[in-house]
Amino acid sequence: MSSVKTEIHVLSSDISPEEYLHMGAAMIRKLNIPTHRTLNLRFGSRKLEVQVTPLPRSSKNVLRMTESIADSLGLAHGDILRIRYDVRTKTITLGPVIGVMLPSMSDSLDRPFGNVTAFCKELHGASLNYGGLVYFFTPDGIAESDVDGLRYASQRFKRMRFPIPDIVYNRLTTRRLENKDSVQQFFLHVKSRHNGYVFNEKFLDKNDVFSALAREPAIRRLLPESHLFTKYEQLNNMCKRYGCVFLKPVTGSLGKGIIRVSRQGDRIVCQFASVNGSLRKTYPSLQKAFPTIKSKVQGKRYLIQQGLALITVQDRPVDFRALVQKNQRNIWSITSIVGRIANSQSFVSNVARGGKLCAARLALMQSNLPTHLAASVYVTLKKAALDIAQVLDHEMPYHFAELGIDLAVDTTGRVWLLEVNSKPSKMDGTPLSVGKIRPSVKKMLLYSRALSGM
């Protein structure tokens with residue numbers, strides 16, 4: 001069933017019967033929509049009865065509706081949507097309706113979503129290019145039959161009530177919010193009652209990810225040895241085997257809580273990731289270090305992982321973040337790969353910890369990796385990221401449309417997986433100029449359109 005792009009024009013309810021939609025004659029013919037008879041209009045979860053009347057030929061793909069209809073749908077003058085008609089059910093469908101779930105919003109309509117406000121405006125700009133309504137809401141905005149949220153229109157954010165969307169793009173940043181009963185019930189409601197979709201629907205558990213990937217022989221070579229951390233003997237054996245190990249919170253992100261344990265001569269050096277860099281402590285033995293380590297991990301699930309001799313740029317470790325997304329053909333594709341160089345005060349490279357971003361190829365060329373390996377390693381990074389995304393998509397019982405895949409390269413040029421993030425940051429260092437739509441945002445809009453059949 002084909003769809004076309006249409007521009008919404010809002011009329012005063014005084015000059016048109018409320019139930020009428022006025023459409024360009026060419027669009028009516030193309031979609032084979034009958035006129036002057038009662039039809040169904042569907043927009044997200046909202047359903048109305050309408051009649052269609054043609055506009056002059058010159059109006060082309062214009063759809064005029066009354067203020068009352070527009071307000072009930074959360075639409076504004078100038079919106080660009082996709083439209084299709086199903087002759088069997090006599091239903092006109094507009095969309096797609098994309099609801100972006102964010103953790104919080106402020107009362108300020110200038111920057112209601114803090115440092116991701118620019119990203120929200122960018123999503124709106126992409127909807128004007130490719131068609132669709134994008135609105136933004138928090139768990140507090142969820143209701144039984146609609147959603148209270150914000151949309152961007154006429155250079156400002158406006159609070160409105162919206163239909164339950166065709167697509168929910170989950171951008172919650174804490175497991176606490178994501179696991180709320182109201183949020184989980186809403187996700188189920190979207191999928192089961194409205195045949196909608198929720199993507200990036202769950203934070204990933206590091207142990208689950210590595211267990212799933214280990215089932216695929218082709219991926220196993222990318223995985224450093226990793227286990228759920230349970231006792232001192234395990235730590236001792238891993239330190240003897242590798243000289244350096246990492247302890248990582250299974251449900252952690254942004255480098256929080258990571259501990260690096262290494263042998264330097266006859267001493268044990270522990271580095272603890274902190275807000276201001278890392279805290280370094282030296283101990284005469286692993287036994288002496290263990291009480292401090294135990295106090296840090298007590299009551300939490302940690303992964304113990306083989307340490308790697310990473311390539312460096314100016315003596316600082318570097319790793320790589322690949323953004324992998326599904327495109328409009330439901331195929332995983334590489335959107336970007338960047339190098340992340342740790343700052344001088346930290347052993348983790350996350351930008352939130354002061355890491356510096358640079359182009360992946362440049363990072364490889366400037367590193368201590370032999371120059372002749374740089375080009376082939378870059379190709380391997382891309383292939384590894386795609387393979388990992390495809391395997392996780394097959395093995396994990398959740399819907400993901402984008403993954404941030406963190407990879408490392410050791411001094412021999414071998415590529416390793418560090419971790420997979422189901423909520424990759426939208427602050428990738430790309431300047432957000434007015435009107436600019438990044439490839440990652442374009443891809444998300446086109447994938448949402450494909451999911452909704454628009």
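## Helix 8 and its surroundings

Helix 8 itself covers residues 232-242, and its buried residues are Gln234, Leu235, Asn236, Met238 and Cys239. An α-helix has 3.6 residues a turn, so residues three or four places apart point the same way. Glycine 243 follows helix 8 and has a positive phi, near 80 degrees.

These descriptions, like those below, refer to a predicted model.

## The chain as a whole

The protein chain contains 12 helices and 25 strands. Its C-alpha trace spans about 85 × 45 × 40 Å along the principal axes. Of the 454 residues in the protein chain, 55% are buried. The accessible surface of the chain amounts to about 20,600 Å², and carbon and sulfur atoms account for 49% of that surface.

Contacts across the sequence can also be described for the chain. Among contacts between residues at least 6 apart in sequence, 67% join residues that are at least 24 apart.

## Packing of helix 6 and helix 11

Two packed helices are described by the angle between their axes and the distance between the axes. For helix 6 (residues 206-214) and helix 11 (residues 374-395), the axes come within 9 Å and cross at roughly 100 degrees. Angles of 65 to 115 degrees count as roughly perpendicular, and helix 6 is therefore roughly perpendicular to helix 11.

Helix 6 contributes Val209, Ala212 and Leu213 to the contact, while helix 11 contributes Ile388, Val391, Leu392 and Glu395. Grouped by class, the residues in this contact are six nonpolar, no polar and one charged.

## Aromatic pairs

The chain has 11 aromatic pairs. One of them joins phenylalanine 113 and phenylalanine 136, a tilted pair with 5.8 Å from centre to centre and 55 degrees between the planes. This pair links distant parts of the chain, 23 residues apart: phenylalanine 113 lies in the loop between strand 8 (97-101) and helix 3 (117-130), and phenylalanine 136 lies in strand 9 (residues 133-137). Both phenylalanine 113 and phenylalanine 136 are buried.

A further pair is formed by tyrosine 169 and phenylalanine 199; the ring centres are 5.1 Å apart and the planes are at 40 degrees, so the pair is tilted. Here too distant parts of the chain are linked, as tyrosine 169 belongs to strand 12 (residues 167-170) and phenylalanine 199 to strand 13 (residues 197-199), 30 residues apart. Tyrosine 169 is buried, with a relative accessible area of 1%, and phenylalanine 199 counts as buried at 1% relative accessibility. Ring pairs also link Phe113, Phe136, Tyr152 and Phe157 into a cluster.

## The setting of leucine 63

Leucine 63 is located in strand 5 (residues 62-66). Residues under 20% relative accessible area are termed buried, and leucine 63, at 0% relative accessibility, therefore counts as buried.

Leaving aside neighbours within four places in sequence, leucine 63 is in contact with Thr6, Glu7, Ile8, His9, Leu21, His22, Met23, Met27, Ile83 and Leu94. The C-alpha atoms of leucine 63 and leucine 21 are separated by 6.8 Å, and these two residues are 42 residues apart along the chain.

Note on methods. Residues are numbered from 1 along each chain as its sequence is written. This is a predicted model: local features need pLDDT of at least 70, side-chain atom pairs count only at pLDDT 80 or more; totals for chains, interfaces and linings use all residues. Side-chain values use heavy atoms; hydrogens and water are left out. Axes are lines fitted to C-alpha atoms, for helices over the stretch in contact, and angles run from 0 to 180 degrees between N-to-C directions. Helices (H or I, at least four residues) and strands (E, at least two) are DSSP runs, numbered from the N terminus. Angles under 35 degrees count as roughly parallel, over 145 as roughly antiparallel, 65 to 115 as roughly perpendicular and the rest as oblique. Contact means heavy atoms within 4.5 Å. Ala, Val, Leu, Ile, Met, Phe, Trp, Tyr, Cys and Pro count as nonpolar, Asp, Glu, Lys and Arg as charged, and the others, Gly among them, as polar. Buried means under 20% relative accessible area, exposed over 50%, partly exposed in between (1.4 Å probe, protein chains only). Accessible areas come from the Shrake-Rupley method with a 1.4 Å probe; for residues, only the protein chains shown count as cover. Rings of Phe, Tyr and Trp (its six-membered ring) pair if their centres lie within 6.5 Å; planes under 30 degrees apart count as stacked, over 60 as edge-to-face and the rest as tilted.
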